[in-house]
Amino acid sequence: MTFQLTQSNPDRVTVHFIPWLTWSFAGLVGYGLFTILQPIIAGTQSLTGGIALAIALLVGMVLFTLITGGQLGICQIDHRRNMITVTSYGLLGRKRQERKLSDVKGLEVRILRRAQYRLLLALRSGERLPLAPFYLISFNDHGIRRIAAALNVEPQLIQEKQSVR
């Protein structure tokens, strides 16, 4: 699940894409790591090879989860500056892209499954600019409608083809 927090005024619309389910999972695994490490730190349990392996696997799983899906995404549509800014913050650093609003041709909503989709800006150059660094999972379309209204475009729904395995 992704929270899409929207702030708007007449000149600017800002949407924060917050992957709270990913962060909740990382917190739960962190709590599990703490419960494993607590007796070792207190000296009541010795560190064995199996416990060390479990700790290493859990740390690796949390890092992988946070790197691949734990980025905070921010989309800012600024009418005064005629710019759209897409920024993502994560464990690997910050990535920022800016485009002119006049370069935006449309808003694509690529639907993977029922509530899982990706938002892309269709630019006049043919380029597609993702508004969030990951697929969004949301059961409402408030964020999509706010972004489309700010861009003055109609969102285009595109059903992604799923591969059969």
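## Glu 108 and its contact with Arg 128

In this predicted model, the side chain of Glu 108 forms a polar contact with that of Arg 128 at 2.8 Å, a polar contact being a pair of N or O atoms within 3.5 Å in which, within protein, one must be able to donate a hydrogen and the other to accept it, and residues adjacent in sequence count only if both atoms are side-chain atoms. Glu 108 belongs to strand 6, residues 104-113, where strands (E, at least two residues) and helices (H or I, at least four) are DSSP runs numbered from the N terminus.

Glu 108 counts as buried because its relative accessibility is 4%, the limit for buried being under 20% relative accessible area with a 1.4 Å probe and protein chains only.

## The largest nonpolar core

The largest nonpolar core has 27 residues, of which Phe 17 and Leu 131 touch the most other members; such a core is a set of buried Ala, Val, Leu, Ile, Met, Phe, Trp, Tyr and Cys residues joined through side-chain atoms within 4.5 Å. Helix 3 gives the largest share of this core, 5 residues.

Leaving aside residues up to four places away in sequence, Leu 131 touches Phe 17, and its other partners include Cys 75, Leu 107 and Ile 147, with contact meaning heavy atoms within 4.5 Å.

## Basis of the values

Residues are numbered from 1 along each chain as its sequence is written. Because the model is predicted, local features need pLDDT of at least 70 and side-chain atom pairs count only at pLDDT 80 or more, while totals for chains, interfaces and linings use all residues, and side-chain values use heavy atoms, with hydrogens and water left out.

Terms used: Buried means under 20% relative accessible area, exposed over 50%, partly exposed in between (1.4 Å probe, protein chains only).
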